[in-house]
Structure formats: structure tokens, C-alpha cells
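Trainee: I have a structure open and would like to go through it with you. Can we start with the words you use?

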Amino acid sequence: MAEEEVKLFGTWASPFSRRIEVALKLKGVQYEYIEENLTNKSPALLNYNPVHKQIPVLVHNGKPVAESFVIMEYVDETWKHNPILPTDPYEKAMARFWAKYIDDKLWPAAKKVVMTKGEEQKGVIDEIQQQMKNLEGELKEKKFFGGESLGFLDIAANIIIWLVVAQEALGMDPILNEEKLPVLHGWLQRLLDDAVFKECVPPKQRHLDFSKVKFGSSIASK
């Protein structure tokens with residue numbers, strides 16, 4: 001097979017481009033990573049993603065693919081070894097369903113909880129913990145959502161790490177604690193211990209400092 005050109009446009013602090021890094025590393029695909037400044041987007045990014053003008057964008061042999069879940073499925077279908085999505089049609093549908101649930105429900109709530117205070121924040125915390133309980137119902141007694149190894153839904157759920165770091169940066173009590181959410185808490189520890197996954201997590205102190213600036217200033221301005 002001829003040598004393939006694979007480029008990933010992303011930002012170090014984005015869970016969405018980090019998802020693609022995990023997928024590519026699980027597949028053993030060599031790629032060039034291009035760090036974007038979202039306050040001054042490169043002409044290349046704007047050219048490859050003229051519709052949304054956002055990261056992540058995967059460019060494979062000159063052809064761009066945008067949106068993290070779309071890219072993950074593209075990666076899975078292009079490099080078929082080490083499948084990320086289940087092969088069973090029902091299990092595949094469930095992985096897609098819960099991944100969409102994470103981005104449509106959990107991610108907006110996670111952003112909101114670090115930008116609110118008092119009773120409003122307490123209500124959002126209750127909402128997030130119920131959403132996490134729902135995810136526990138899908139995980140059950142499995143090691144990972146993907147079974148014995150990382151799968152599509154485990155990668156999609158990486159945003160939970162961003163929530164955990166943001167909470168720590170702001171001195172909040174952990175939402176994902178072992179007492180209330182033992183199944184998901186155990187899963188998170190296994191995820192962070194996974195050799196491939198932890199390569200694709202931002203450096204802890206840098207991430208904490210970034211979150212303090214980003215969310216601390218947002219709360220102060222409210």
C-alpha cells in the first residue's frame with residue numbers, strides 16, 4: 001500500500017480533537033498533528049472546514065473530514081483492524097446513541113456547572129449525576145463500555161475528564177465520586193490507566209491552569 005498522508009487539526013485543550021488522537025493511536029495510524037489557535041485560525045483549517053470553521057479536522061490523502069464522531073467512524077471504517085465500534089448492529093446503534101447523549105446532554109451541563117453558583121449550580125450537579133447514573137446503566141459490570149478494551153463510547157466519554165479537571169481547578173466538590181457513582185468512578189480510573197488513552201490526555205497541571213483562567217474569569221464576570 002502506498003504511504004498515506006494523515007493530518008489532524010486540533011487544539012491541545014479540546015476533548016474533541018483528543019478523541020481523534022485516541023482513535024488513531026488505537027489503530028496504529030501515523031499522522032501529523034497540527035495545533036490550531038482558535039482565536040487566529042489558519043487558512044488551512046478554514047479551507048478544509050469552510051462550513052463550521054472548527055476543529056477537529058482529519059485530512060486523509062488531501063480529503064478533509066470534520067466533526068469528532070464522523071471522523072471516528074471514518075477512521076474505524078478506513079483502518080479496519082482494532083475496531084472501535086461494535087460489529088453487532090444493535091450494540092453499534094447503542095454506542096452511537098449514548099455517544100450522542102454525552103454530547104447533547106452531558107457536555108452542555110458540564111460547561112454550565114463550572115459557570116454557575118449557588119442553587120443554580122446545585123441543580124446542574126443533580127442533573128449531571130443523573131446523567132452519569134444513566135451511563136452507569138449502560139456500563140454495568142463491563143471493564144469498559146467497549147467491553148475488555150476501549151471502544152467508541154469510552155472515547156466519546158473523555159469529556160468527563162475535562163469536567164473533573166475543571167471542578168478541581170475551581171475547588172468544587174467532585175461530582176463523580178465513588179460513593180454516589182461507584183461504577184463510573186471505577187471506569188474512569190481504568191480509563192486513565194490505559195496506556196493509549198493517557199497519551200492523549202492533556203498534562204494535568206497545564207490543564208488545571210488553563211481551566212482556572214478560562215472558567216474562573218467566566219464566573220468572575222457574571
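Mentor: Start with burial: buried means under 20% relative accessible area, exposed means over 50%, and partly exposed is in between, with a 1.4 Å probe and protein chains only. Phe-16 and Trp-107 are both buried by that rule.

Trainee: What should I know about the model itself?

Mentor: It is a predicted model, in which local features need pLDDT of at least 70 and side-chain atom pairs count only at pLDDT 80 or more, while totals for chains, interfaces and linings use all residues. Residues are numbered from 1 along each chain as its sequence is written, and side-chain values use heavy atoms, with hydrogens and water left out.

Trainee: Ok, rings. How many aromatic pairs does a search of the whole structure find?

Mentor: The search finds seven aromatic pairs. Rings of Phe, Tyr and Trp (its six-membered ring) pair if their centres lie within 6.5 Å; planes under 30 degrees apart are stacked, over 60 edge-to-face, and the rest tilted. In the pair of Trp-12 and Phe-210, the centres are 5.3 Å apart and the planes are at 70 degrees, so the pair is edge-to-face.

Trainee: Where do Trp-12 and Phe-210 lie?

Mentor: Trp-12 is in the loop between strand S1 (6–10) and helix H1 (15–27), and Phe-210 is in helix H10 (residues 204–220), so the pair ties together parts that are 198 residues apart in sequence. Helices (H or I, at least four residues) and strands (E, at least two) are DSSP runs, numbered from the N terminus.

Trainee: Is Trp-12 buried or exposed?

Mentor: Trp-12 counts as buried, at 14% relative accessibility. Phe-210 is partly exposed, with a relative accessible area of 32%.

Trainee: And how are the rings of Phe-16 and Trp-107 arranged?

Mentor: Phe-16 and Trp-107 form an edge-to-face pair, 5.3 Å centre to centre with 90 degrees between the planes. Phe-16 is in helix H1 and Trp-107 in helix H4 (residues 89–113), so this pair ties together parts that are 91 residues apart in sequence. There is also a cluster, in which ring pairs link Phe-97, Trp-98 and Tyr-101.

Trainee: Which residue lies over the face of Trp-12?

Mentor: Arg-206 does, at 3.8 Å from the ring centre. The rule is that NZ of Lys or CZ of Arg is within 6 Å of the ring centre and within 35 degrees of the ring normal.

Trainee: New topic. How many salt bridges are found in the whole structure?

Mentor: Ten salt bridges are found. A salt bridge is a side-chain nitrogen of Lys or Arg within 4 Å of a carboxyl oxygen of Asp or Glu. One of them joins Asp-103 to Arg-19, with the closest N and O atoms 2.8 Å apart. That pair links distant parts of the chain, Asp-103 in helix H4 and Arg-19 in helix H1, 84 residues apart. Both Asp-103 and Arg-19 are buried.

Trainee: What about Lys-133, what does it form a salt bridge with?

Mentor: Its partner is Glu-136, and the closest N and O atoms are 3.5 Å apart. Lys-133 and Glu-136 are three residues apart in helix H5, so about one helical turn separates them. Lys-133 is partly exposed at 41% relative accessible area, while Glu-136 counts as buried at 9% relative accessibility.

Trainee: Last one. What does the side chain of Gln-167 reach?

Mentor: The side chain of Gln-167 reaches the backbone oxygen of Asp-173 at 2.9 Å. Gln-167 lies in helix H7 (residues 159–169) and counts as buried at 3% relative accessibility. Beyond its neighbours within four places in sequence, the contacts of Gln-167 include Val-114 and Pro-174.

Terms used:
Polar contact = N/O pair within 3.5 Å; in protein donor to acceptor, adjacent residues only side chain to side chain. Contact = heavy atoms within 4.5 Å.
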